[in-house]
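Hi,

Here is the structure I promised to pass on to you. Have a look at it first, and then read on for what turned up when I went through it.

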Amino acid sequence: MKITDVKTFVVANPPPQTGGRYFLFVKLTTDGGVVGYGEAYDAAFDPHLTAKLIEDVASRYLVGRDPHDIENFFRLCYSSGFSQRPDMTMMACCSALEMACWDIIGKEAGQPVHKLLGGRVHEGLRSYTYLYPASGSADPLATDTPKNVYNDPELAAAAALEAVRQGFTAVKFDPAGPYRVQGGHQPLLTDIDLCARMVRAVRGAVGTRADILFGTHGQFTAAGAIRMARAIESADPLWFEEPVPPDQIAAMAEVARATSIPVATGERLVTKHEFARVIEARAAAILQPNLGRSGGILETKKIAGMAEAFGIQIAPHCYCGPLVAAANIQLAATLPNFLVLESIKTWDGFHAELLKKKIEWDDGYVIPSDEPGLGVELDEAVCEANPWSGDMLHLEMTREPIRF
């Protein structure tokens, strides 16, 4: 069996843009006509450029080769151009293609990917949701009203109650202020006060029916993060996400030692090598690899294995499209140290339209598919009908200096 063809899709995600502004998919075809799909999570460049990079990587290291040779393909990508070091964009390309290879392998074997990775240890996968407004964009920067679920305690509490009504037992929100390119800062007292009021309001609304996942994305210095953690500890959040910039592992470990809230990190890390630094430093109790970036399914299985040996849990990240979601599900089903799955409503809305068959979700739990491969099929007609033509990136940080 050989890979003979590669095709990419850059798909616009319409409002409310749950999971980002666009999705980047790849399709591989074998000489026997078997098709596999994958998805890249890369936000550093225009997605059309990344699509070209995926095609280049495939032409160099995959076309004409057997898709079963996953380990060798990863090593070719990791060492491309005399590099041999973690590279976020290369790993996004590698992850998408590797994911598509597993889809093909499963289809050829007539087995879901989870059967090829050791089999299920979970029948259902607990999932969480962001707090979403009742209507309008999920992006606070795109809203016309000053109050939203990210800065108003009452609106956040109402959204959390609605999530609980739907069946979720964990809700996430990011009320801690802007993400700026200048790096970590000390939070303003007004920001600390708002976060404390937001967390208290949500806890008061949901009681013990749902965990609170407190999202930050590298906004703070270690000292600033510790101050923030002390202000919200009484509401007992399940995690404090990426409290300092992701490359400051020692600072993150300092935060982890200073708070009772478990620290979570990983959406901006790639390969076992970067995750190993977090594990060695005891910088986090929860790892959040994104399979569209981390290095692929097999690489993330290794990351999860390392974490398991240290009592660290896995909560796969998925602020992207339904193919990463499908890969997350297949892998998570096999992990003894799985904690919770980011869902972003992947069984509903545009995510579901992109698939020929919905991801199954029941009362807060995702049900892993037993269909061969990833268990889903991309609807290429929907992809072709929704091309991305914008100039913004998947996610953006505040570029200009902020007055503190």
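Predicted model: local features only at pLDDT ≥ 70, side-chain atom pairs only at ≥ 80, totals over all residues.

Asp-363 sits in the loop between β12 (360–362) and β13 (365–367), and its phi is near 50 degrees, a positive value in a residue other than glycine. Most residues other than glycine have a negative phi, and most peptide bonds are trans.

Gln-17 belongs to the loop between β1 and β2 and is partly exposed, at 22% relative accessible area. Pro-16 lies in that loop too, between β1 (3–12) and β2. The peptide bond leading from Pro-15 to Pro-16 is cis, and its omega is near 10 degrees.

Strand β2 (residues 22–30) contains Thr-30, which counts as buried at 3% relative accessibility. Setting aside residues up to four places away in sequence, Thr-30 touches Met-1, Lys-2, Ile-3, Thr-4 and Ile-104.

**Salt bridges**

Over the whole structure, the search finds 16 salt bridges. Here are some of them.

- Arg-268 and Glu-242 are joined through their side chains, at 2.7 Å from N to O. This pair links distant parts of the chain, 26 residues apart: Arg-268 is in the loop between β8 (263–265) and α9 (271–280), and Glu-242 is in the loop between β7 (239–241) and α8 (249–258). Glu-242 is buried, at 1% relative accessibility, while Arg-268 is partly exposed, at 24%.
- Arg-197 pairs with Asp-193, with the closest N and O atoms 3.0 Å apart. Both are in helix α6 (residues 189–206), and because they are 4 residues apart there, about one helical turn separates them. An α-helix has 3.6 residues a turn, so residues three or four places apart point the same way. Arg-197 is partly exposed at 35% relative accessibility, and Asp-193 is partly exposed at 37%.
- Lys-147 bridges to Asp-152, with 3.9 Å between the closest N and O atoms. Lys-147 is exposed, at 55% relative accessibility, whereas Asp-152 is buried, at 11%.
- Asp-103, Lys-107 and Glu-377 are connected in a network of salt bridges.

**Helix packing**

How do α5 and α6 pack, and at what angle? Helix α5 (residues 153–166) packs with α6 at an angle of about 35 degrees, and the axes are 8 Å apart. The crossing of α5 past α6 is right-handed. On the α5 side, the contact is made by Pro-153, Ala-156, Ala-157, Ala-160, Leu-161 and Val-164. On the α6 side, it is made by Leu-194, Arg-197, Met-198, Ala-201, Val-202, Ala-205 and Val-206. Sorted by class, this contact of α5 with α6 has 12 nonpolar, no polar and 1 charged residues.

Ala-159 is another residue of helix α5, and it is buried, at 13% relative accessibility. Apart from neighbours within four places in sequence, Ala-159 is in contact with Leu-131, Tyr-132 and Val-149. From C-alpha to C-alpha, Ala-159 is 9.6 Å from Ala-205, and the two are 46 residues apart in sequence.

Further along, helix α8 has Ile-249, Ala-251, Met-252, Ala-253 and Val-255 as its buried residues. Their cover includes α7 (222–232), β7, β8 and α9.

**Cysteines**

How many disulfides are there? The count comes to 0. A disulfide is a covalent bond between the sulfur atoms of two cysteines. For Cys-94, the closest cysteine sulfur is that of Cys-77, and at 3.8 Å it is too far for a bond, the cut-off being 2.5 Å. Cys-94 is buried, at 0% relative accessibility. For Cys-383, the closest cysteine sulfur is in Cys-320, 14 Å away, so this is also too far for a bond. Cys-383 is buried as well, at 3% relative accessibility.

Happy to talk any of this through.

Best wishes

Definitions and conventions. Residues numbered from 1 in each chain as written. Heavy atoms only, no water. Salt bridge = Lys/Arg side-chain N within 4 Å of Asp/Glu carboxyl O. Buried < 20%, exposed > 50% of the residue type's maximum accessible area, 1.4 Å probe, protein only. Helix = DSSP H or I, 4+ residues; strand = E, 2+ residues; numbered from the N terminus. Axes fitted to C-alpha atoms, helices over the stretch in contact; angles between N-to-C directions. Left-handed = near helix turned anticlockwise from the far one by under 90°. Contact = heavy atoms within 4.5 Å. Nonpolar A, V, L, I, M, F, W, Y, C, P; charged D, E, K, R; others polar.
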